[in-house]
Structure formats: C-alpha cells, structure tokens
Amino acid sequence: AVVSTQSTGEKITPEDLERGFPVSFNEYIDYITSFSNPEEMNEHWIPASVLCRPCHVEYDMLGHFEEQKREGEYLLEYLKIQDFVPKKFFREASTKSQDEALRLLKTLPFSQRKILSQLYRDDAVLFGYNMTQFLDVPLPSWDRSLRTGR
C-alpha cells in the first residue's frame with residue numbers, strides 16, 4: 001500500500017501528513033505503476049484521458065492546471081457567476097512546484113520513467129503536454145506526429 005505506516009500500525013503524526021504519510025516519491029511511483037488497469041486507479045492519479053473520456057464527451061472547455069487562474073476567471077465570466085466566487089479563488093500555478101516535480105522525476109530509473117510515459121501518453125497527446133520535458137523519454141514517432149501534425 002502507499003501508506004506504509006498505516007499497515008504497520010504506527011501512529012501517523014501531523015508532520016507525517018505534511019510529508020505525505022511518509023511515503024517516498026519512489027514508493028508513490030511504484031504504487032501508481034503497479035496497476036494493470038488504469039481504470040482501477042484513484043481519481044487523483046488516473047490518466048485524465050481515462051477519467052474524463054474526452055473522446056466520448058463533447059466538452060465546451062478543457063483547462064490546464066498551469067493556466068487555472070486565467071482559465072478559471074474566464075469560465076466564471078462566461079457563466080456569469082464571477083460575483084459568487086471569491087476573487088482569489090484561483091491561483092497562479094507555481095513554477096517552483098513544476099521544477100520540484102521535474103527534479104523528482106529525473107531521480108527515477110529510466111524503466112520507471114518509461115512506464116509513466118506510457119501510462120500518461122494519451123494525456124500528453126490530447127492535452128498538448130511535452131512528456132520528454134518531464135520524463136526524458138523520447139516518444140515514438142507516431143506520437144510526435146500527432147502533436148506536431150507532421
């Protein structure tokens with residue numbers, strides 16, 4: 001299980017919660033990549049292409065986490081509900097978090113980065129993300145052609 005201390009019966013402290021139930025990043029990635037069927041994954045790490053079914057649902061808007069402030073404010077105005085939501089509801093995405101994610105991903109063995117690349121490949125293609133930037137795993141040429149149109 002991801003939360004190793006829960007299975008041993010040790011008391012989890014508030015500090016443990018701050019650090020993620022002391023689960024290391026490698027333990028977390030081991031857990032995510034252990035699923036043989038992505039549909040069995042928790043909604044927080046299941047590929048968005050599986051959770052949201054973008055090929056089966058006609059969405060009016062798809063947003064990116066990195067653009068949540070701009071896109072969220074636009075959506076509130078579009079729906080004419082901006083007066084009902086606090087002005088500081090949406091925040092700018094932190095480049096510090098993105099840098100930390102990149103640093104952690106680069107600590108993983110190539111084999112694990114490749115599994116992650118395959119698991120989230122459809123998300124990258126559908127939502128315009130460059131997986132090589134985060135995983136340092138070149139995508140097959142047919143994936144690159146979908147993104148670049150070549």
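Student: Which side chain does D122 meet in a salt bridge, and what is the N to O distance?

Tutor: Happy to! Keep in mind that this is a predicted model. The partner of D122 is R121, and their side chains meet in a salt bridge with an N to O distance of 3.7 Å. That value lies inside the 4 Å cut-off used for a salt bridge. D122 counts as partly exposed, because its relative accessibility is 40%, and R121 falls in the partly exposed class too, with a relative accessible area of 24%. Salt bridges that share partners also occur in this model, joining E67, R70 and E71 into one network.

R70 is exposed, since its relative accessible area is 55%; E67, at 33% relative accessibility, is partly exposed.

Once residues within four places in sequence are left aside, S49 is in contact with P54, D122, D123, L126 and F127. S49 sits in helix α4, which covers residues 48–51. S49 counts as buried because its relative accessibility is 15%, and the limit for that class is under 20%.

For another salt bridge, turn to R103 and E100, where the closest N and O atoms are 2.8 Å apart. Both belong to helix α6 (residues 95–106), and because they are 3 residues apart there, about one helical turn separates them. R103 is partly exposed at 44% relative accessibility, and E100 is partly exposed as well, with a relative accessible area of 35%.

Y74, L75, Y78, L79, I81 and F84 form a nonpolar patch on the surface, and together they have about 670 Å² of accessible area. One of its members, Y78, lies in helix α5, residues 68–78. Y78 counts as exposed because its relative accessibility is 55%, and that class begins over 50%.

Key:
Residues are numbered from 1 along each chain as its sequence is written. This is a predicted model: local features need pLDDT of at least 70, side-chain atom pairs count only at pLDDT 80 or more; totals for chains, interfaces and linings use all residues. Side-chain values use heavy atoms; hydrogens and water are left out. Patches are made of residues with over 30% relative accessible area and no salt bridge: like charges are joined within 9 Å, nonpolar side chains (Val, Leu, Ile, Met, Phe, Trp, Tyr) within 5 Å. Accessible areas come from the Shrake-Rupley method with a 1.4 Å probe; for residues, only the protein chains shown count as cover. Helices (H or I, at least four residues) and strands (E, at least two) are DSSP runs, numbered from the N terminus. Buried means under 20% relative accessible area, exposed over 50%, partly exposed in between (1.4 Å probe, protein chains only). Contact means heavy atoms within 4.5 Å.
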